[in-house]
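Student: I have a protein open here and would like to go through it. Can we take it piece by piece?
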Amino acid sequence: MTPVILLAAEKESAEVTDWAARIGWVVGLGLFVALVYWLMREGWKWRSTLQSDLPELLGAPDAPGPARLGMSGRYHGSTTAGQWLDRIVAHGLGTRSRVELTLTDAGLDVVRPGATDFFVPVTALREARLDKGIAGKVLTEGGLLVVTWEHGDKLIDSGFRSDHAAEHNEWVETLNDMINKTETEGAR
């Protein structure tokens, strides 16, 4: 036999796994991930504290009138109007959820299973438009119904996506007609 083959046969294979080092890395990575999630949670709570001047959300009136439009879909969150990345988290407005929207002559009723429901009176509605994104959610152009409304002294954009996106245009037209009619009647 050649000397190279003899040397290879005499060598023992090296230990494949250093279990202590592997466990140390896994525990370290787990602690790092836990720290990041804890910091994100603290940031969310801090943002809520900073927005504590926002008044409580209104509930739906006892007799809002007949429904003009209805929609089921997703609520993607609310932001400061015109600033699509400045998420509002106070009073549960930052919580994504399923949504049932109902538009009546009294205003917009937002029912969110598992999250805080709220009502936007027709006098607080400012604008409705189609957009492509709101904090944490970006869609194709016109894929999101954004309703601008006033709460306290703050203008808020709330983003909704219908289960049937073809409904968005009708919502924008109807909401903007209601807003224009309310402004015209208020000017008299």
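Student: Leaving aside its neighbours within four places in sequence, which residues is F160 in contact with?
Tutor: This is a predicted model. In it, F160 is in contact with M71, R74, Y75, V99, L101, V110, L144, L145, V147 and H168, if neighbours within four places in sequence are left aside.

Student: OK, and which residues touch the most other members of the largest nonpolar core?
Tutor: F160 and W171 do, and that core has 29 residues. The elements that each give it two or more residues are β1 (67-80), β3 (97-104), β4 (107-111), β5 (118-121), β6 (125-131), β9 (144-151), β10 (154-162) and α3 (168-187).

Student: Which element gives the largest share of this core?
Tutor: α3, with five residues.

Student: Now β9. How many of its eight residues are buried?
Tutor: Seven, so by the cut-off of under 20% relative accessible area those seven count as buried.

Student: How many bridges join β9 to β10?
Tutor: Seven, and the two strands run antiparallel. E150 stands opposite L155 in β10. The two strands form a hairpin with two residues between them, and G152 in the turn has a positive phi of about 70°.

Student: And in what sense do β6 and β9 pair?
Tutor: Antiparallel, over six bridges. One example is E127, whose bridge partner in β9 is T148.

Student: Different topic. Which residues does UniProt list for "transmembrane region"?
Tutor: The unreviewed UniProt entry lists residues 20-40. In the model that span is 100% helix and 0% strand, and its end C-alpha atoms lie 30 Å apart.

Conventions
Residues numbered from 1 in each chain as written. Predicted model: local features only at pLDDT ≥ 70, side-chain atom pairs only at ≥ 80, totals over all residues. Heavy atoms only, no water. Core = buried A, V, L, I, M, F, W, Y, C linked by side-chain atoms within 4.5 Å. Buried < 20%, exposed > 50% of the residue type's maximum accessible area, 1.4 Å probe, protein only. Helix = DSSP H or I, 4+ residues; strand = E, 2+ residues; numbered from the N terminus. Contact = heavy atoms within 4.5 Å. UniProt positions renumbered as here; feature names shortened; annotations may be inferred. Pairing = 2+ DSSP bridges.
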